[in-house]
Amino acid sequence: MRLTLSVIKADIGSVGGHTKPSTRMMAAVEGEVAKAICNGLLIDGFVCHTGDDIAIIMTHTRGEGSSEIHQFAWKAFLAATSVAKTSGLYGAGQDLLADAPSGNIRGAGPGVAELSFDHSLSSPRPAESFMVFAADKCGPGAYNLPLYLAFADPMYCAGLMLPPMIRGFRFHVIDMDHTAGDSVIELDAPADNYHIAALLRDNERFGIDRIVSQTHGEVAAAVSAQRLHAIAGKYTGKDDPVAIIRNQGIFPAPEEIVSPFAKAHFVGGDARGSHVMPLMPVPINTPVTGMYCLPIVSCVGFSIDKEGRFSESYTDFFDNPAWDEVRRRAQSKAIEMRSQGWSGAAMLPYSELEYGGFRDTVSALLKRFRLREERKPEAAA
Ligand code: 13P
Ligand code: 13P
Ligand code: MG
Ligand code: MG
Ligand code: MG
Ligand code: MG
């Protein structure tokens, strides 16, 4: 069976400020998913949230970009938006940027990551397992560094030295500033590692779109690399990317995929979507309530049975005391960075603030600049 894994997530409203969706919103989406499983649209589905973003994780046989699947997710988000509106929640419907998109909803606001594979539970995948990362308060390239390290650096993934992976992975890197269609370059790790790094260093412009095994041609990872402000033309909250990563066997093991997150690396996001702050790994269904508005990332894992259904239990990768140490370090990096408030590297550069209110404040001031009389160039005097 050709199986597709789709993860579609949106920020459609939250309780007490931009913290988490309400219980009734979650129930609304879960109800829609249950119906879609019942009527055969989906094989299986799971709903969770990271901060105030709700993610729907689905298996089905309708392929990537299926208008039925996308329209289903849109309608499920509309149902939760209507709950959010009735309850007077903050930012109701925030990420549903188009009025009524037809077909595929990529580019309409929600984050979309999808990948497909032949699911026969035979070589090279006698068992199918995967993880879904979901981030909140976070820029679109938040996975650039951790996925590069997991799929291109044996210091993080010793498995790259084993025969099934030693030929490396092909990175599809997308130019997120290009809004008329997807503009993608394919680069092979390890041969092109420096070129890959030269692009991925810019988390705001270039993102990983997918990663493919060079030995088996199987897709290992898919990321929702899209910028909300490129879609909306103005600031509408942070991009908050999701990623699907298949693991084990011909792909890195879970520990090799999550270990780069121990860095709590600095990303764009946080308060007003305008700061540079460490990415804190958290359990699924964690609200954003700490001091500042730290970028957070969750990671949930499933196995898939021969019918394409999820295992009855899931693994919550960051819900482990080992990550307490990383969370403490993330918090102390955050306190250190924010001790300099708005100054320099603590906030994103002006170009990134372009679509937000900070730009309006500065533009108004730029109009008030005057050349000093005694310094006017002679030609102008
Ligand atoms: P297990 O013995 O639990 O399967 O551990 C396998 C392993 O190699 C970890 O990467
Ligand atoms: P959201 O994208 O979660 O709404 O984050 C918005 C923000 O700017 C945080 O201050
Ligand atoms: Mg929000
Ligand atoms: Mg959000
Ligand atoms: Mg957002
Ligand atoms: Mg084992």
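Which residues of strand β11 are buried on one side, and which on the other? The views below come from a predicted model, and the first one takes up that question.

**View 1. Strand β11 is covered on both faces.** Look along residues 266–269: F266 and G268 are buried on one side, V267 and G269 on the other.

**View 2. β11 and β12 make a hairpin.** Strand β12 covers residues 275–278, and β11 pairs with it in the antiparallel sense over four bridges. Opposite G268 you'll find V276 of β12. Five residues sit between the two strands, and D270 in the turn has a positive phi of about 65 degrees.

**View 3. Helix α4 has a buried side and an exposed face.** In this helix (residues 193–200), the buried residues are I196, L199 and L200. They span an arc of only 90 degrees around the axis, so they end up on the same side of α4. Residues three or four places apart point the same way because an α-helix has 3.6 residues a turn. As for packing partners, the buried residues of α4 pack against α3 (144–152) plus the strands β6 (169–175), β7 (184–189) and β8 (206–213).

**View 4. Ligand 2 lies between two domains.** Domain 1 (1–116) and domain 2 (119–370) both contribute residues to its shell, which is why the ligand is placed between them. The shell counts 15 residues, with H18, G237, K238, A271 and G273 the closest. By type, that's seven charged, six polar and two nonpolar.

How values were computed: Residues are numbered from 1 along each chain as its sequence is written. Chains are lettered from A and ligands numbered from 1 in the order in which they are written. This is a predicted model: local features need pLDDT of at least 70, side-chain atom pairs count only at pLDDT 80 or more; totals for chains, interfaces and linings use all residues. A residue is buried if 20 or more other C-beta atoms lie within 10 Å of its own, exposed if 12 or fewer, and partly exposed in between; C-beta atoms are placed from the backbone. The arc is that of the directions from the helix axis to the C-beta atoms. Two residues are in contact if their C-beta atoms, placed from the backbone, lie within 7 Å. Two strands pair if DSSP finds at least two bridges between them. A residue is near a molecule or strand if its C-beta atom, placed from the backbone, lies within 6 Å of it. Ala, Val, Leu, Ile, Met, Phe, Trp, Tyr, Cys and Pro count as nonpolar, Asp, Glu, Lys and Arg as charged, and the others, Gly among them, as polar. Domain bounds come from an automatic or database domain assignment.
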